[in-house]
Amino acid sequence: MSLEPIAAAARAAGPEDDGLPAIRLDTDADAGGLVAWFGADAARGAARVVIRGEEAGVVERTALYGLVANRTLGWGDSIGATLPGHPAWEPIKLHCRVPGCPPVWALGYDAAAPPECTIHPGELLRPAQ
Ligand SMILES: [Zn+2]
């Protein structure tokens, strides 16, 4: 799955969405990570998605699962088999230094080049200590 259907399934974020966790999706492979993030906790009903650094809106669990369920595999497609013993995705919870800023989940993190908060430009996101 690529990121475009996720972007298309996202709805505009409103004031009621303040405080939702954000998930950064930078590559098509991260699409599976978003599914895994929802799958890891049944209480997760929605998330803001940041696709390639841009706020893309809010994705509801049901909308995402609808995308996955309706997907048909074509010739050469792969469901994303992974090596045994390695978790497919380990989302990393990142925090902005601004109090009250919701956490951001990323599927990869480079300490030498931490991502910026999309709400507070200039603030770098870092894992909790
Ligand atoms: Zn922030």
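Which residues of helix H2 (residues 30-40) are buried? In this predicted model, the buried residues of H2 are Asp30, Ala31, Gly33, Leu34, Trp37 and Phe38. Because they cover an arc of only 155° around the axis, they lie on the same side of H2. The face of H2 turned away from the buried side carries Gly39 and Ala40, which are exposed.

The cover over the buried residues of H2 is drawn from several elements of the chain. It includes helix H1 (3-9) and helix H3 (61-69), together with strand S1 (22-25), strand S2 (46-51), strand S3 (54-60) and S5.

The structure holds two aromatic pairs. Trp37 and Phe38 form an aromatic pair of the edge-to-face kind, with 5.1 Å centre to centre and 80° between the planes. Both Trp37 and Phe38 are buried. Ring pairs extend this arrangement to Trp105, so that Trp37, Phe38 and Trp105 are linked into a cluster.

The discussion now turns to the metal site. The zinc ion is coordinated by the SG atoms of Cys96, Cys101 and Cys117 and by ND1 of His120, at 2.0 to 2.3 Å. The arrangement is tetrahedral because the four donor atoms subtend angles of 104 to 114° around the zinc ion. Along the chain, the donors of the zinc ion follow the spacing C-x4-C-x15-C-x2-H. Cys101 lies in the loop between strand S4 (92-95) and S5, whereas His120 lies in the loop between S5 and S6; the pair therefore ties together parts that are 19 residues apart in sequence.

Cys101 is buried, because its relative accessible area is 13%, a value under the 20% cut-off. His120, in the loop between strand S5 (104-106) and strand S6 (126-127), is partly exposed, with a relative accessible area of 24%. When residues up to four places away in sequence are not counted, His120 touches Cys96, Val98 and Cys101. The C-alpha atoms of His120 and Arg97 are separated by 9.3 Å, although these residues are 23 residues apart along the chain.

Key
Residues are numbered from 1 along each chain as its sequence is written. This is a predicted model: local features need pLDDT of at least 70, side-chain atom pairs count only at pLDDT 80 or more; totals for chains, interfaces and linings use all residues. Side-chain values use heavy atoms; hydrogens and water are left out. Helices (H or I, at least four residues) and strands (E, at least two) are DSSP runs, numbered from the N terminus. Buried means under 20% relative accessible area, exposed over 50%, partly exposed in between (1.4 Å probe, protein chains only). Contact means heavy atoms within 4.5 Å. The arc is that of the directions from the helix axis to the C-beta atoms. Rings of Phe, Tyr and Trp (its six-membered ring) pair if their centres lie within 6.5 Å; planes under 30 degrees apart count as stacked, over 60 as edge-to-face and the rest as tilted. Donors are N, O and S atoms within 2.8 Å of the metal (3.2 Å for Na, K and Ca); water is not among the atoms, so sites may look incomplete. Four donors count as tetrahedral if all angles lie between 85 and 135 degrees; four count as square planar and six as octahedral if opposite donors are over 155 degrees apart and all others between 65 and 115; anything else is irregular.
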